[in-house]
Amino acid sequence: MPELDDATLDLLLARSGLSPTQEQRDGLKAAYPHVAAMAERVRKPRGRMAEPVLTYGFAEEDLA
Amino acid sequence: MTSIPTIASAAKLIATKQLSPVELTRDCLDRVRALDGELHAFILVTEERAMADARAAGAAIMAGRSTGPLCGIPIGLKDIVDTKGIPTTCHSKILHDNVPTADATCAEKLAAAGTVLMGKTATHEFADGGPSFDLPWPPARNPWNTAHFTAGSSSGTGAGIAAGLILGGIGTDTGGSIRGPAALCGIAGIKPTYGLVSRAGVAPAAFTLDHIGPMAWTAEDCALMLQALAGPDARDPASASQPIPDYTAQLGTGIKGLRIGVIHHFHEVDHKVSDGTQRGIDAAIATLRELGAEISEVTLSPLAEWHACGTLISLTERAAAYDEWARTRLADFSARVQQRLLMGALVSGVDYVQAVRRRRELRAELKAAMAGLDLVLTAAQPTEAPKIDEVPDWDVGQKPGFTMPFNVAGYPAMSLCSGFGEGGLPVAIQLVGKPFQEATVLRAADAFEKATEFRDRRPALSSALVAAQ
């Protein structure tokens with residue numbers, strides 16, 4: 001499982017503007033392999049044309 | 001009254017003037033006063049509003065202007081639903097003093113249907129996290145055993161209905177937050193098709209997974225509430241414009257020939273349920289078969305695939321929605337929600353879009369699997385309710401739940417009581433229909449409930465109180 005080092009975590013947190021405690025940082029490092037595994041699960045060989053699901057239609061305000 | 005009525009039974013008594021909304025509301029308020037100190041189902045009881053609503057409903061009925069079967073019915077609204085002039089806290093310190101200036105669409109619709117607003121019900125903070133003890137209000141307790149968890153996040157609505165403090169209420173469901181509490185509190189709850197019920201004025205958890213729906217003691221009651229709630233709304237950009245059928249019209253017409261596929265691998269392999277839950281599922285399948293349903297087996301991608309897709313979307317959309325407060329007021333959230341918001345930093349933009357592409361594939365897979373079926377069936381929860389102080393902090397590596405697949409797909413899904421486990425607490429099944437086929441889900445659920453005796457039993461604390469009233 002991939003691990004998250006302190007430098008990468010610092011970068012991600014700085015990018016997000018978040019300031020966790022040391023305990024929370026440790027929790028994020030422990031959780032990271034599971035998040036990475038989930039990200040790997042949704043990464044399938046589907047080619048460049050595969051569309052995302054379309055959640056929204058056109059609301060009345062879009063058509064006015 | 002000698003027992004706690006359902007919405008349907010109370011509506012009949014009210015329509016024939018054998019019961020007044022004021023009497024019914026007073027009975028519910030008496031139960032709130034007697035039990036809510038222990039249950040914590042409510043964040044705020046709106047007694048004055050309830051009595052005013054009840055008097056108005058009574059007057060309308062006496063004048064021959066009833067607004068229908070919900071006229072005079074006491075309900076609760078999960079406290080992430082905006083209510084004009086009434087505090088809406090999202091069970092959070094962050095919104096402790098928040099008083100909305102407009103009603104959410106679902107609140108407005110239930111008020112127009114003549115319901116009696118009993119108050120705002122407990123939730124997990126911003127419909128997220130879990131039972132938290134570091135918030136301004138305690139978490140709701142399970143009326144079947146108050147040492148136990150209700151599930152969430154529509155925890156107060158679930159507890160309040162099971163205990164008879166309210167006859168129905170609003171829940172919201174991003175990964176199972178209607179169906180989880182419905183299952184563990186032994187009531188009925190339906191997550192409608194995405195877009196059928198407006199989300200306008202309801203605090204978001206994850207925009208594309210959020211559903212609003214009714215919770216009540218029976219499927220019939222859920223049908224009555226859904227009738228009032230469903231329909232297009234220009235305030236919700238995801239609102240669907242499908243025609244709204246009569247959700248009660250098919251109730252009682254039987255389920256002979258209904259085709260139900262059981263997703264055995266979800267609850268027997270991917271996440272094996274407890275023996276008591278499995279017995280409830282097996283007995284429910286036998287009952288549905290006896291009622292004339294044609295039962296078959298259906299196979300989908302493993303639960304972990306659906307869980308990964310839904311969780312990545314949920315983490316990211318939640319982190320985006322609450323980004324400003326996460327940056328500036330992180331410590332004001334509960335520890336559980338802080339953890340969840342921080343997790344958003346671990347999901348990249350590419351991860352999110354891959355999850356949304358995966359979602360399209362999974363939805364197509366479910367559509368194909370249900371081509372020759374009317375419904376699919378699986379567990380709603382893996383076990384009976386655990387003790388509330390033994391609910392672990394949310395663990396991203398936990399076993400996947402049974403409810404998230406149908407948030408990912410957006411299909412209608414309902415939890416209903418299928419018996420009681422070894423600990424005497426409710427267990428449940430989940431019935432899932434095709435998009436906008438809520439009427440079929442409700443018909444099957446109603447037939448099942450009426451063929452079993454599980455709707456005759458209430459939590460002991462409520463039964464004892466009603467007997468003494």
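Leu19(B) is partly exposed, with 19 other C-beta atoms within 10 Å. My scale: a residue is buried with 20 or more other C-beta atoms within 10 Å of its own, exposed with 12 or fewer, and partly exposed in between, with C-beta atoms placed from the backbone.

**Ground rules**

This is a predicted model, where local features need pLDDT of at least 70, side-chain atom pairs count only at pLDDT 80 or more, and totals for chains, interfaces and linings use all residues. Residues are numbered from 1 along each chain as its sequence is written, while chains are lettered from A and ligands numbered from 1 in the order in which they are written.

**Around Leu19(B)**

I placed Leu19(B) in the loop between α1 (7-15) and α2 of chain B. Helices (H or I, at least four residues) and strands (E, at least two) are DSSP runs, numbered from the N terminus. Leaving out residues up to four places away in sequence, Leu19(B) touches Ala10(B), Leu13(B), Ile14(B) and Leu24(B). Contact here means C-beta atoms, placed from the backbone, within 7 Å. I also checked Gly58(B), which is 39 residues from Leu19(B) along the chain. Their C-alpha atoms are separated by 9.6 Å.

The axes of α2 (21-39) and α3 (47-62) of chain B come within 8 Å and cross at roughly 155 degrees. Axes are lines fitted to C-alpha atoms, for helices over the stretch in contact, and angles run from 0 to 180 degrees between N-to-C directions. α2(B) and α3(B) are therefore roughly antiparallel; the cut-off for that is over 145 degrees. From α2(B), I noted Pro21(B), Val22(B), Thr25(B) and Leu29(B). They meet residues of α3(B) including Glu47(B), Met51(B), Arg55(B) and Gly58(B). The contact has 7 nonpolar, 2 polar and 2 charged residues. Nonpolar covers Ala, Val, Leu, Ile, Met, Phe, Trp, Tyr, Cys and Pro; charged covers Asp, Glu, Lys and Arg; the others, Gly among them, are polar.

**Chain B overall**

I counted 16 helices and 11 strands in chain B. Buried residues make up 62% of its 469 residues. The C-alpha atoms fill a box of roughly 60 × 55 × 45 Å along the principal axes. A compact globule of 469 residues would have a radius of gyration near 23 Å, and chain B, at 20 Å, agrees. That radius is taken over C-alpha atoms, and the globule rule is 2.2 Å times the number of residues to the power 0.38. Among contacts between residues at least 6 apart in sequence, 80% join residues at least 24 apart.

**The sheet**

Which order do the strands take in the open sheet of chain B? I read β1-β3-β2-β4-β6-β5-β10-β11-β9-β7-β8, with mixed pairing. Two strands pair if DSSP finds at least two bridges between them. β1 (42-45) and β8 (294-297) of chain B each have a single partner strand, so one side of each is left without a neighbour in the sheet. Neighbouring strands are turned by 30 degrees against each other on average, direction ignored.

Next I looked at β3 (116-121) of chain B. All 6 of its 6 residues are buried. β1(B) runs antiparallel to β3(B), joined by 3 bridges. β2 (74-78) of chain B pairs with β3(B) in the parallel sense over 5 bridges. Lys120(B) in β3(B) stands opposite Leu44(B). Leu77(B) also stands opposite Lys120(B).

Further along, β7 (259-262) and β9 (375-379) of chain B pair in the parallel sense over 3 bridges. There, Gly261(B) has Val376(B) as its bridge partner. Helix α9 (275-290) of chain B packs on the sheet, and its direction makes about 105 degrees with that of β10(B).

**Where the chains meet**

The contact takes 32 residues from chain B and 29 from chain A. On the chain B side, α10 (303-321), α11 (323-328), α12 (335-343) and α13 (349-369) each supply at least two residues. α13(B) gives the most, with 10 residues. I sorted the chain B side into 18 nonpolar, 6 polar and 8 charged.

In α12(B), 8 of 9 residues are buried, among them Arg336(B), Leu341(B) and Met343(B). Their cover includes α2 (22-42) of chain A, together with α10 and α11 of chain B.

Last, α1 (6-16) of chain A. Of its 11 residues, 0 are buried, so this helix lies largely in the open. Just after α1(A), Gly17(A) takes a positive phi of about 75 degrees.

Methods: Two residues are in contact if their C-beta atoms, placed from the backbone, lie within 7 Å. Angles under 35 degrees count as roughly parallel, over 145 as roughly antiparallel, 65 to 115 as roughly perpendicular and the rest as oblique.
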